[in-house]
Amino acid sequence: MIGLGVEGTAHTIGIGIVENIGGTCKVLSNVIKIYHPEKGGIHPREAANHHAVHVSDVIKESIEKAKVDFSDIDLISFSKGPGLGPCLRTAATAARALSLSLEKPLMGVNHCVAHLEIGRGTIKDCKDPVLLYTSGANTQVIAFAEGRYRVFGETLDIGIGNCLDKFGRSVGMEFPSGPKIEQLAKKGKNYLELPYSIKGMDIAFSGLLTSAEQYYKKHERLEDICYSMQETTFAALTEVTERAMAHTEKHEVLLGGGVAANMRLRQMVQIMAKERDAQFFVPAKDLCIDNGAMISWLGLVMYNSGLRMDVGESQIDQRFRTDMVDVSWRD
Ligand code: AMP
Ligand code: MG
């Protein structure tokens with residue numbers, strides 16, 4: 001089966017076309033277009049307008065790159081949530097229009113679950129991982145237990161990517177600031193004390209963000225601040241992930257989300273995995289960031305397990321939590 005997936009939870013409109021070959025995912029194309037706010041953070045309606053303007057071109061490019069015809073597509077999938085309402089609605093509308101005009105079934109999927117399933121679908125040995133999902137808006141530690149993907153720990157305030165981007169914005173960096181912070185952190189020498197707040201299995205970043213901004217106002221070296229932010233936040237994320245692995249007795253760890261591009265985060269999680277005799281996995285970069293291929297893949301997995309969705313029940317859900325999904329395709 002060949003599926004087309006529409007991603008549009010936040011800043012990215014993405015169309016991915018994937019094929020299910022005996023239970024593994026072959027990505028035929030994965031085209032994204034990212035909305036960059038001129039100033040400040042993401043404005044939901046402006047992001048949605050961006051998606052509406054570009055979605056047709058992204059669909060066309062994705063079909064061309066996949067070297068398929070619209071008639072080859074067996075299923076249309078889209079991100080049902082969580083995300084920004086106007087963005088989700090725009091992407092879902094495009095998906096419904098495709099489904100109706102091509103007369104192909106429709107499947108709405110959970111965006112966070114898609115980040116995990118794309119790892120299982122594309123990495124041979126990745127079967128039952130604990131996912132450390134670190135993106136702009138979301139930060140969760142997710143693993144399968146008793147029929148659901150359970151959230152073992154998550155941010156209590158802002159996502160790790162958002163924390164880095166907000167700091168970057170307050171010191172004059174362009175969006176997204178994560179990659180720039182990574183480069184500056186390499187030149188950091190002095191560790192500056194920052195709040196390390198883990199509450200139970202959850203994490204908070206906003207206090208750390210405020211402290212980092214105060215260091216900047218006190219003229220501490222930017223490189224040292226970036227280095228200290230990375231060391232502190234990534235250590236907290238690695239700690240929670242390790243505790244989830246110990247609790248669930250799982251021996252695989254998977255990264256997902258845009259911040260998974262960061263080599264220092266990868267290194268810390270990899271060291272932790274090695275010390276536990278666990279396997280460490282990261283999907284290809286274009287499958288870590290928000291993308292349509294992972295949405296398409298999860299849709300196919302759900303459809304193959306017998307799940308169906310009418311257009312009438314395809315409404316979006318801004319607060320669609322990871323653990324609301326009945327994962328009937330796994331045992
Ligand atoms: P996503 O929301 O999953 O599409 O990921 C976007 C987020 O990833 C933004 O907050 C970026 O700042 C962050 N990001 C991208 N590359 C890196 C990097 N190399 N290091 C840290 N954060 C990054
Ligand atoms: Mg994401």
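Which residues line the largest cavity? Let's take that one together. Keep in mind that this is a predicted model.

The lining is made up of Pro-195, Tyr-196, Ser-197, Ile-203, Ala-204, Phe-205, Leu-208, Thr-232, Thr-233 and Ala-236. Two elements give two or more residues each: β10 (202-204) and α7 (222-248). Helix α7 provides the largest share, 3 residues. Sorted by class, the lining has 7 nonpolar and 3 polar residues, and no charged ones. The volume of this cavity is about 30 Å³. How many cavities of 30 Å³ or more does the structure hold? The count is 1.

Next, the metal. The magnesium ion is ligand 2. Four residues coordinate the ion: His-111 through NE2, His-115 through NE2, Tyr-133 through OH and Asp-290 through OD. The distances run from 2.1 to 2.4 Å. Along the sequence, the donor spacing reads H-x3-H-x17-Y-x156-D. Look at His-111 and Asp-290, which sit 179 residues apart. His-111 belongs to helix α3 (residues 111-122). Asp-290 lies in the loop between α9 (285-288) and α10 (292-304). Are these two buried or exposed? His-111 has 1% relative accessibility, so it counts as buried. Asp-290 has 9%, so it counts as buried too. The cut-off for buried is under 20%.

Last stop, Thr-134. This residue is in strand β6 (residues 130-134). Its relative accessibility is 0%, so Thr-134 counts as buried. What is Thr-134 in contact with, leaving aside neighbours within four places in sequence? The partners are Ile-160, Leu-237, Gly-256, Gly-257, Gly-258, Val-259, Ala-260 and Leu-265.

Definitions and conventions. Residues are numbered from 1 along each chain as its sequence is written. Chains are lettered from A and ligands numbered from 1 in the order in which they are written. This is a predicted model: local features need pLDDT of at least 70, side-chain atom pairs count only at pLDDT 80 or more; totals for chains, interfaces and linings use all residues. Side-chain values use heavy atoms; hydrogens and water are left out. Helices (H or I, at least four residues) and strands (E, at least two) are DSSP runs, numbered from the N terminus. Buried means under 20% relative accessible area, exposed over 50%, partly exposed in between (1.4 Å probe, protein chains only). Contact means heavy atoms within 4.5 Å. On a 1 Å grid over the protein atoms alone, a cavity is a set of points where a 1.4 Å probe fits but cannot get out, and a pocket is an open set with protein on both sides within 12 Å along at least five of seven lines; lining residues have an atom within 4 Å of a point. Grid points are joined across faces, edges and corners, and a volume is the space filled by probe spheres set on the points. Ala, Val, Leu, Ile, Met, Phe, Trp, Tyr, Cys and Pro count as nonpolar, Asp, Glu, Lys and Arg as charged, and the others, Gly among them, as polar. Donors are N, O and S atoms within 2.8 Å of the metal (3.2 Å for Na, K and Ca); water is not among the atoms, so sites may look incomplete.
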